[in-house]
Amino acid sequence: MELKLTRRNFLGSAAVVSETTLRPSKASALSRTMVAESNAAAKGEDLANATLTRAAVAKIKWKAEPFTMTEVRLLPIFWKNMMELDRRYLYSLPNDRLAHNLRVTAGISSDAYPPGGWEAPDCELGGHYVGHYLSSRALLHTSTGDEAVAAKANALVVILAQCLAKDGYLGAYPATFYDRCRAHQKVWAPFYTYHKILARMIDMYEHTGDQPALEVGLKMAVWADAYVSTFSDHEWQKVLLVEHGGMNEVSFNLYAITGNIEYRDLGYRFDHKNVFEPLAANQDTLSGNHANTNIPRIIGAIRGYDLTGDALFESIAENFYRVVNERHSYCTGGTSNGEMWHEPNGIAAQLGAAAEECCCSYNTMKLTRHLFGQKPDAKHFDYCERMLLNVRYGRQDRNGMLVYYVSLRPGMYKTLGTQFDAFWCCTGTGSEEYAKLNDSIYFRDESSVYTNLFIPSKLEWKERGLRLTQTTKYPNEQLVTCVVDAAPSKPTTLKIRVPYWATKRVAVAVNGEMVSVMATPSTCHELNYPWKTGDVITVEMPMTLHIDQAPDDKQVQAAMYGPLVLSVLQGSEDLTNSVIYGDTGPFGSNDGYPMPTANLHLMSHRHHELATIPVAPHAAEYNIWFEQVEATRRYPLQFRTRGRGPTDTLVPLNLIMDERCSVYVRDDMIV
Ligand SMILES: [Zn+2]
């Protein structure tokens, strides 16, 4: 369906910003700052967490809001371990090394040993991880209450503030890089990195209350606006062809904090016509585009919708979300191959070593969370669960090193970065991801609590006096238990997501009494009770075996068990540390094995479990060519292919480390 444009000459007019450049003095900017903060203070709310989500200037009120991470704490199990690994890695990074290139660029001496990888002095993306590092520490501070983790980031902000130029510029390379943008000369992505630093200053303010960080961010925005304002609309659109991260989002966020419309208008100037216009018209023109250049732009659009109420932004984001999920996503939920989008529904044709850039997953989950807040729907967290369990869980090694891609070429393996010589984009988004694993487990509205994710945790809704503990070993078990530790002061509905894959009998019980055995998949099951302290809610979700089929080649299929993508083990031949670890990831690798073959056709086709998967992108009812077998110590869930021929072993993709594997399997009897 084509959508009619509702804002006349939308992108043209949107880019026409006031001739007044954004030059607030520090004092004037800050005097207009904190519209939301002052409101929050009046209500006695936590300032550091109130400003962005409850901005006074917002036009769109979210129907459900996430609990702040201070209200949700992870309990010990692998999710908390992932956060701890992240914390350990972040603590291992010295401020002086990270600040080295910014100091040198600012003419300040530094005797620190420069970092390597994408933070090396000769890399044109230098400084991007410095931003991620700040955000990660800010998020960890909120997630865990760790004061020291914030203090070290606050100290780095002080250093970076000293590196700020008089005109507001801050970077690990000279501002002359932006002249190359102007001249359309080769340059990597200056505004991408600028966004990383600027946005993370705002995170520092939001999550740790760091006022100097906000001041740095505001000054950086002044420089950005001065630069942007020198371009005609036509010339500026050409500059926007170069990756620029979420400059629109951070500009809108500054508007949310300050109430200053000049920041809003700066956000508008980062509307990229080539991308936004087709999406506004519900057209899929993503093929040939760099995936992660565009996802942050869409997050900026949906943030723009929050703050301006412009329905065109909403259409752009919703259409994008649908197009990517339905036509450009693998069985894991991830997207991109070689960092690009290709022909719609090209899945079997795009099983590359460099598939599913992890930054894309980070950003699409961020977008999903936003869309859920505006229009809560269980399918949003069906999607996030897919991503968390298959793309994020199992992407760290025991030292917290991270992957870049989710390799889908048969026979490939996880490749990981190193402590000081990788600093890929995905190292940065990964550092943030694992610091905020508690940010979306629970949402709330005026009368209810949404339990979106099955992650052991404690929730405290202070305003209402409600305390809740969720325990589970999910997905290694099928039971989730929630205990009311303190009853709410007002009637409160508990809404528990029933996953899309839960097509068997889902049993919900309160204090041992069964209340439902037929909860509907991909909905929120509502429980209305006069809750009292000690009440126990249990949800049992029998997992089903099902298949995710590639739309461009029906013979190519992935095995799934509940939310988990399974993968055929293919041995560990030639996998040494030097093969697995490095500073480049699997770029250009010609490694790989033939795709395994399913041999279901050799056996009887009776009594197979079938599953209908309403929201899976490429679901079909199919004979199931694998079965569960006895667990091993290493793999608590284990499966094997069925049939009379040689069998293959399948295990959850997220548990595989140091082994080759194939997510997709070919059933060559399908015609
Ligand atoms: Zn990346």
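Modeller: Here is a short tour, starting with the ground rules. This is a predicted model, where local features need pLDDT of at least 70, side-chain atom pairs count only at pLDDT 80 or more, and totals for chains, interfaces and linings use all residues. Residues are numbered from 1 along each chain as its sequence is written.

Biologist: Core first. Which residues touch the most other members of the largest nonpolar core?

Modeller: Ile 316, Ala 317 and Leu 566 do, in a core of 191 residues. A nonpolar core here is a set of buried Ala, Val, Leu, Ile, Met, Phe, Trp, Tyr and Cys residues joined through C-beta atoms within 7 Å. Buried means that 20 or more other C-beta atoms lie within 10 Å of the residue's own; exposed means 12 or fewer, partly exposed is in between, and C-beta atoms are placed from the backbone.

Biologist: Which helix gives the most to this core?

Modeller: Helix α11, residues 211-228, with eleven residues. Helices (H or I, at least four residues) and strands (E, at least two) are DSSP runs, numbered from the N terminus.

Biologist: And why does the core lie between domain 1 and domain 2?

Modeller: Because domain 1 (443-474 + 479-540) and domain 2 (545-667) both give residues to it. Those bounds come from an automatic or database domain assignment.

Biologist: What does Ala 317 touch?

Modeller: Ile 298, Ala 301, Ile 302, Tyr 305, Leu 367 and Leu 371, leaving out residues up to four places away in sequence. Contact means C-beta atoms, placed from the backbone, within 7 Å.

Biologist: Back to α11. How do the axes of α10 and α11 cross?

Modeller: Helix α10 (residues 190-208) and α11 have axes that come within 7 Å and cross at roughly 150°. Axes are lines fitted to C-alpha atoms, for helices over the stretch in contact, with angles from 0 to 180 degrees between N-to-C directions. On the α10 side, the contacts include Tyr 194, Ile 197 and Leu 198; on the α11 side, they include Gln 211, Ala 213 and Leu 214.

Biologist: Sheets now. What is the order of the seven strands in the open sheet?

Modeller: β2-β5-β6-β7-β12-β9-β10, with antiparallel pairing. Two strands pair if DSSP finds at least two bridges between them. The edge strands are β2 (72-74) and β10 (513-516), each pairing on one side only. Neighbouring strands are turned by 20° against each other on average, direction ignored.

Biologist: How many bridges join β7 and β12?

Modeller: Five, between β7 (residues 479-486) and β12 (residues 536-540). Thr 481 stands opposite Thr 538 in β12.

Biologist: Which strands make up the open sheet of five?

Modeller: The order is β1-β3-β4-β8-β11, and the pairing is mixed. β1 (65-66) and β11 (523-528) are at the edges with a single partner strand each, so one side of each has no neighbour in the sheet. Within it, β8 (residues 493-498) pairs with β11 in the antiparallel sense over six bridges. Thr 493 stands opposite Asn 528 in β11.

Biologist: What about phi at Asn 282?

Modeller: Positive, about 60°, although Asn 282 is not a glycine. Asn 282 is in the loop between α15 (273-280) and α16 (291-308).

Biologist: And Glu 339: buried or exposed?

Modeller: Buried, with 20 other C-beta atoms within 10 Å. Glu 339 also has a positive phi, about 70°. Asn 282 is partly exposed, with 16 such atoms within 10 Å.

Key. Two residues are in contact if their C-beta atoms, placed from the backbone, lie within 7 Å.
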